[in-house]
Amino acid sequence: MLGTLLHFTYDLSGGNKIVGAFSAVNESTWEHLKLIFFPMILFSIFEYFFAKNKGNCFISSKVLGTIAGMILIVALFYTLSGITGAELGFINIIIFISDVIFANFISYTIQTSCIYTNPKLEVASAILALIWIIAFVCFTFSPPNIGIFWDPQSVQTLALNHQVFLQLPRFCFCHINFSNNIS
């Protein structure tokens, strides 16, 4: 539920950069990863301090489950949009809900099957979560010119003389020639 709310908090805040660091600022796949990452990490922190029976491998299971959920978001989104050739809103909602369930299942499976907590693995997992937080903040405000960071709503397409010019955000101008495919 918090992930769904984070989809709208940036706009509701009037474009507040602090809010934008933790919520989606556009419709890129990267920004949608925040919708699973930050609620799961926030809930995990809450659970860490207030749950009585955390079990073994608590931090590593939560971080690995969260990362598995983010990987599945990317895999399902690009697979389904590649198959259908379009983004279907209701499918994206189903993907998100499925990813949250999957991430929690992975986390639970790791935690319940872990016999011994390796302190070094727990520290490494916490550091990995911090690296993801830093990456989310940095790449929100200075995204690389890679497809996962592109906001599909800001991509403009022009058709001209059997050619498609795709103007992408941030310094990239790609030229794609479809002249052999168009009569």
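**Note on aromatic pairs and salt bridges**

1. Trp30 has a relative accessibility of 6% and therefore counts as buried (under 20% relative accessible area; exposed is over 50% and partly exposed lies in between, with a 1.4 Å probe and protein chains only). The model is predicted, so local features need pLDDT of at least 70 and side-chain atom pairs count only at pLDDT 80 or more, while totals for chains, interfaces and linings use all residues. Residues are numbered from 1 along each chain as its sequence is written, and side-chain values use heavy atoms, with hydrogens and water left out.

2. The structure holds 15 aromatic pairs (Phe, Tyr or Trp rings, the six-membered one for Trp, with centres within 6.5 Å; stacked under 30 degrees between planes, edge-to-face over 60, the rest tilted). Among them is the pair of Trp30 with Phe139, which is edge-to-face, with 5.7 Å from centre to centre and 65 degrees between the planes. Because Trp30 belongs to helix α4 (residues 29-50) and Phe139 to helix α7 (residues 119-141), this pair ties together parts of the chain that are 109 residues apart in sequence; helices are DSSP runs of H or I, at least four residues long, numbered from the N terminus. The two partners can also be set side by side for accessibility: Trp30 is buried at 6%, whereas Phe139, at 30% relative accessibility, counts as partly exposed.

3. A further pair, Trp132 with Phe136, is tilted, its ring centres being 5.6 Å apart and its planes at 40 degrees. Both of these residues sit in helix α7, where they are 4 residues apart, about one turn of the helix. Trp132 has a relative accessible area of 21% and is partly exposed, while Phe136, with a relative accessible area of 0%, is buried.

4. Turning to charged side chains, a search of the whole structure finds 2 salt bridges (a side-chain nitrogen of Lys or Arg within 4 Å of a carboxyl oxygen of Asp or Glu). In one of them Lys34 is joined to Glu31, with 2.7 Å between the closest N and O atoms. Lys34 and Glu31 both lie in helix α4, 3 residues apart, which is about one turn of the helix, and both residues are buried.

5. The side chains of Glu47 and Lys62 also meet in a salt bridge, at 3.0 Å from N to O. This pair links distant parts of the chain, with Glu47 in helix α4 and Lys62 in helix α5 (residues 58-84), 15 residues apart. Lys62 has a relative accessible area of 10% and is buried.

6. Glu31 deserves a separate comment on its surroundings. This residue of helix α4 has a relative accessible area of 2% and is buried. Its side chain makes a polar contact with the side chain of Thr140 at 3.1 Å (N or O atoms within 3.5 Å, one able to donate a hydrogen and the other to accept it; sequence neighbours count only if both atoms are side-chain atoms). The backbone nitrogen of Val25 likewise lies 3.1 Å from a polar atom of the Glu31 side chain. Leaving aside residues up to four places away in sequence, Glu31 touches Gly20, Ser23, Ala24, Val25, Asn26 and Thr140, where contact means heavy atoms within 4.5 Å.
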